[in-house]
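Hi everyone, thanks for making time. I'd like to walk you through one protein model this morning, and I'll keep it short.

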Amino acid sequence: MAVPARTCGASRPGPAPTALPWPGRGPRPGPGARRPLLLLLPPLLLLPLLAAPGASAYSFPQQHTMQHWARRLEQEIDGVMRIFGGVQQLREIYKDNRNLFEVQENEPQKLVEKVAGDIESLLDRKVQALKRLADAAENFQKAHRWQDNIKEEDILYYDAKADAELDDPESEDVERGSKVSTLRLDFVEDSNFKNKVNYSYTAVQIPTDIYKGSTVILNELNWTEALENVFIENRRQDPTLLWQVFGSATGVTRYYPATPWRAPKKIDLYDVRRRPWYIQGASSPKDMVIIVDVSGSVSGLTLKLMKTSVCEMLDTLSDDDYVNVASFNEKAQPVSCFTHLVQANVRNKKVFKEAVQGMVAKGTTGYKAGFEYAFDQLQNSNITRANCNKMIMMFTDGGEDRVQDVFEKYNWPNRTVRVFTFSVGQHNYDVTPLQWMACANKGYYFEIPSIGAIRINTQEYLDVLGRPMVLAGKEAKQVQWTNVYEDALGLGLVVTGTLPVFNLTQDGPGEKKNQLILGVMGIDVALNDIKRLTPNYTLGANGYVFAIDLNGYVLLHPNLKSQTTNFREPVTLDFLDAELEDENKEEIRRSMIDGNKGHKQIRTLVKSLDERYVDEVVRNYTWVPIRSTNYREYCKDLNASDNNTEFLKNFIELMEKVTPDSKQCNNFLLHNLILDTGITQQLVERAWRDQDLNTYSLLAVFAATDGGITRVFPNKAAEDWTENPEPFNASFYRRSLDNHGYVFKPPHQDALLRPLELENDTVGILVSTAVELSLGGHTLRPAVVGVKLDLEAWAEKFKVLASNRTHQDQPQKQCGPNSHCEMDCEVNNEDLLCVLIDDGGFLVLSNQNHQWDQVGRFFSEVDANLMLALYNNSFYTRKESYDYQAACAPQPPGNLGAAPRGVFVPTIADFLNLAWWTSAAAWSLFQQLLYGLIYHSWFQADPAEAEGSPEARESSCVMKQTQYYFGSVNASYNAIIDCGNCSRLFHAQRLTNTNLLFVVAEKPLCSQCEAGRLLQKETHCILPPPFPAARAPPPAPRAPPCPAASLTPHPCPADGPEQCELVQRPRYRRGPHICFDYNATEDTSDCGRGASFPPSLGVLVSLQLLLLLGLPPRPQPQVHAHASRRV
């Protein structure tokens, strides 16, 4: 946990050399002529361009002329801000009211220690509730008597999906005429749960692919009913408890309080056993290698089943696990660019899932190659990995080789690696070798005959991994806290405390201890509840509290967003991705993961709140370990509102009932609010009320304070105020605290939107600055003040200030027939472009009337050639980063209807070979062709998602962001955009005490040398960047000004070696400190059973005839709970 202290301003770099201006509009050298980009000569050598006698001529302005214009602009801005900004007046007001407030210095170390202690106390209460639940569950199950003849009508419970299923005529229970007695409950709205709940009952959710009437499920419902009273008692002891959940290993979820299930519009695929919190609580971390048989016999439907099975298997892994996937025939090779085990995070699993789809069946089966590759992967100790459970998962259609020599070499006698084998598809192979492999290596054998068996059989291996935990007993009863994820019932972002629940029964006196894990108990803690323990408003607008876990993922951070695209994916945002990464932050992250205390002051880059700007600032980080809303909540009964009038009305009504010192109010916030209300009112009386804003073309003046007040004058302007009324959430406020001087903020414009509609008194430019106050040896910035400029009026004023006139009433200077004149921004606006651009590269003012509606746009969209020249001459620096929490529109699917081209096609030799007809290849071919005719969806793309469903609208993705900020150049100089006969002169100069760049340039004569356009926008990507920011390769040399097409950003790569480069240098992390992967008393005799029969020509011919007659074996529509789950 760290607390950056309040910020300091960024210092400006030193001056740059002055350059020789290129002469004005006249004959230019040809394209072959050599011309320096910047000719570094002393200013004394600058020579004016002389016109021939008797001819009038305009020349490009001399450098001293443009510097004079810049000084006039600086003086005008400073004068207006001194008169109307009210900085000095506000300082005096604070000093006059010094007796009304006191200054207290934040002590970061004590502050973070207090927050850490408060969070520990919060979590400890949840831990105690978890332990009560887990102990009760184990006792209830131990006392329960198994009933073989239990019936559906014997069980009474609230089925959370009942209402949705009754509305769906195609649901399984409607089809079966279910006899389950479902309770009908009444619900009340509860703001804590953001849902309608019933506190007297629990609710039950059962996955769609599990039959509710099976004996196993009915017995599970029977004994878990007793948990209801424990849930209720827990809430009585701690009313702040949120969801209390028991996730059973059979798939049943019982949670409290009861609420209807939030079923999606499509098929509900929720299964508690695949949720991040269940996976983490049910087993210790895993190192897994998945090997897939892609020999020629594995084709058609079998190959499809294998691809789907691998994807489902990957979904059972969490960020604490490591994985690799390889395919094999005669040789083994990784399916993706990953050559070793990689962390099973969301982005890496996406790479695997995409790569698996490209597997093609060919060659002969070579189990030895596959297993040797897998064991080599698991023995590689030079990489980061879980170092706990080690396992190999093999998917195949069958074979005769047992590869005993491989196991003897790599795994026996200790058998530290478990082997799980999966027989996929309906085939004629003897499965005894597959079962033997699993049984001989402490694993399990599974069969996946059809698509309906995939989900259940790719997660049952967790039961085997849970055996050492169960046998370890109390030692394994460790509460673990998950990564942040989106709650399925609508709580938003949560973390969950988990505790495994063990089966304590024994089959008889003296029998071995039961090895089954019954399930996982979980209690949610909403991130908003943890945030309430942090002092958000005592740290200043740019101070914040954040917390990270052992993976470096943030649990708390102002940049952590709620995920609305896919609640099944955990929200894994690394601290270095939540902020702009640098070496200092890497050190801080490592120290925090290691559980150390620390403090460090660093200079770093930060994004503005609107993500349009980047500022270089000083931040102070302080951190300590934890051992085991956008509104300020002034008072509990105060209704917050964005409307100031409504808020004040609510505030006055409450103050008539309670005093500011009432226990239901936050005294600190409330006293600051009242203080700042009075101080800003005095500012209105002393500085604003008697001023004529129209004289200086101002639309409004304003002040925003640390106490939460934003006061805008006059009242009419307040009605049109579009900035966030909460100062801490306003970009102009936070940037003003981070920067010295006057900060300009033009109205935001997107290139894809229509231009601004210029109407009187509607479009304005904000200019703001922080008020510094020295009290008792402390320097404070308690407020930000500013003005709102009238865009059109100030554009006209800008022309005059950058001209040879001293004021608007003075007539324009005309150049006589025998005189030589310099161009200016008013008279020669047809030939000369004059603009003010802010530090983010956005247009603020222009002397071109047709560009006024483009104010606020990135300047490259206005003049790409000139913006590129400014970038190439180091006036601007580019910063690229990645948003890992973005939501993107789904990509249109490719033509999946061509699937039959992937079918194995037999040759003439195959047809003439009797052995081929008795092989699984023939079986698979017939199987695929027949299934393709009957189940049309196997050969065509899935139908479009239901309109309006979240899945159809958007999905999670990575988005590339680009911002610009001022570079090293801090002085003025002239340069040339060299492009043959289309060359242009330009002059650029930073305006002192502002965030503005003054640019004067010749307007382009032609478009023969179009430059590549710099972009300042977001680009959608599917995969992460090729390198972490701090480890990125050195930047490429700056492109020449003409041409520069290479600077046009390309779409982010969807695949390639870049992702491999990222995993070669993983970020520092620490896995869980406990591991349960071995117990000497483990009974490995239960290792799976499968039907097996030797190949028989007669049987095969009979089956082929059945297929040809259109009577294929009917696939299972439902998967029932495993018989081994009987408890």
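In this predicted model, the protein has 31 helices and 37 strands. It runs to 1127 residues, and buried ones make up 55% of them. The exposed surface comes to about 49,400 Å², with carbon and sulfur atoms supplying 51% of that area.

Strand E7 covers residues 244–248, and five of its five residues are buried. Which way do they point? Gln244, Phe246 and Ser248 go one way from E7, while Val245 and Gly247 go the other way, and all are buried.

Now for the neighbours of E7. Strand E8, residues 253–256, pairs with E7 in the antiparallel sense, over four bridges. Within that pairing, glutamine 244 has tyrosine 256 of E8 as its bridge partner. The hairpin of E7 and E8 has four residues between the strands, and there glycine 251 takes a positive phi near 105°. Strand E19, residues 517–526, is also antiparallel to E7, and five bridges join the two. Here glycine 247 stands opposite valine 520 of E19.

Tyrosine 256 comes up again when we turn to the rings, as it belongs to an aromatic cluster made of Phe193, Tyr199, Phe231, Trp243, Tyr255, Tyr256, Trp261 and Tyr270.

How many aromatic pairs does the structure hold? The count is 38. Let me show you two of them. Phenylalanine 375 and tyrosine 410 are stacked, at 5.1 Å centre to centre with 5° between the planes. Phenylalanine 375 sits in helix H11 (residues 367–379) and tyrosine 410 in helix H12 (residues 404–410), so this pair ties together parts that are 35 residues apart in sequence. Both phenylalanine 375 and tyrosine 410 are buried.

The other example is tyrosine 876 with phenylalanine 966, a tilted pair with 5.5 Å centre to centre and 45° between the planes. Tyrosine 876 belongs to strand E32 (residues 876–888) and phenylalanine 966 to strand E33 (residues 955–966), so the parts tied together here are 90 residues apart in sequence. Tyrosine 876 and phenylalanine 966 are both buried.

Arginine 590 lies over the face of tyrosine 1068, 3.9 Å from the ring centre. Lysine 797 has its charged end over the ring of tryptophan 794, at 4.4 Å from the centre.

In H13, residues 432–439, the buried residues are Pro433, Leu434, Gln435, Met437 and Ala438. What do the buried residues of H13 pack against? Their partners are H11, H12 and strands E13 (389–396), E14 (417–424) and E15 (444–448).

Last topic: salt bridges. Searching the whole structure turns up 41 of them, and I've picked a few to look at.

Take arginine 236 and glutamate 233, whose closest N and O atoms are 2.6 Å apart. Both lie in helix H7 (residues 227–237), three residues apart, which is about one turn of the helix. Is arginine 236 buried or exposed? Arginine 236 counts as exposed because its relative accessibility is 58%, and over 50% is exposed. Glutamate 233, with 31% relative accessibility, counts as partly exposed.

Next comes arginine 455, whose side chain meets that of glutamate 312 in a salt bridge of 3.7 Å, N to O. This pair links distant parts of the chain, with arginine 455 in helix H14 (residues 454–457) and glutamate 312 in helix H9 (residues 301–314), 143 residues apart. Both arginine 455 and glutamate 312 are buried.

Then there's aspartate 720 with lysine 716, a salt bridge of 3.9 Å, N to O. Aspartate 720 is partly exposed at 41% relative accessibility, whereas lysine 716 is exposed, with a relative accessible area of 53%. And to finish the salt bridges, one network joins Asp574, Asp577, Glu581, Arg589 and Arg1067 through salt bridges that share partners.

Methods
Residues numbered from 1 in each chain as written. Predicted model: local features only at pLDDT ≥ 70, side-chain atom pairs only at ≥ 80, totals over all residues. Heavy atoms only, no water. Phe/Tyr/Trp six-rings, centres within 6.5 Å; stacked < 30°, edge-to-face > 60°. Buried < 20%, exposed > 50% of the residue type's maximum accessible area, 1.4 Å probe, protein only. Lys NZ or Arg CZ within 6 Å of the ring centre and 35° of its normal. Pairing = 2+ DSSP bridges. Areas by Shrake-Rupley, 256 points an atom, 1.4 Å probe, with all protein chains shown as cover. Contact = heavy atoms within 4.5 Å. Salt bridge = Lys/Arg side-chain N within 4 Å of Asp/Glu carboxyl O.
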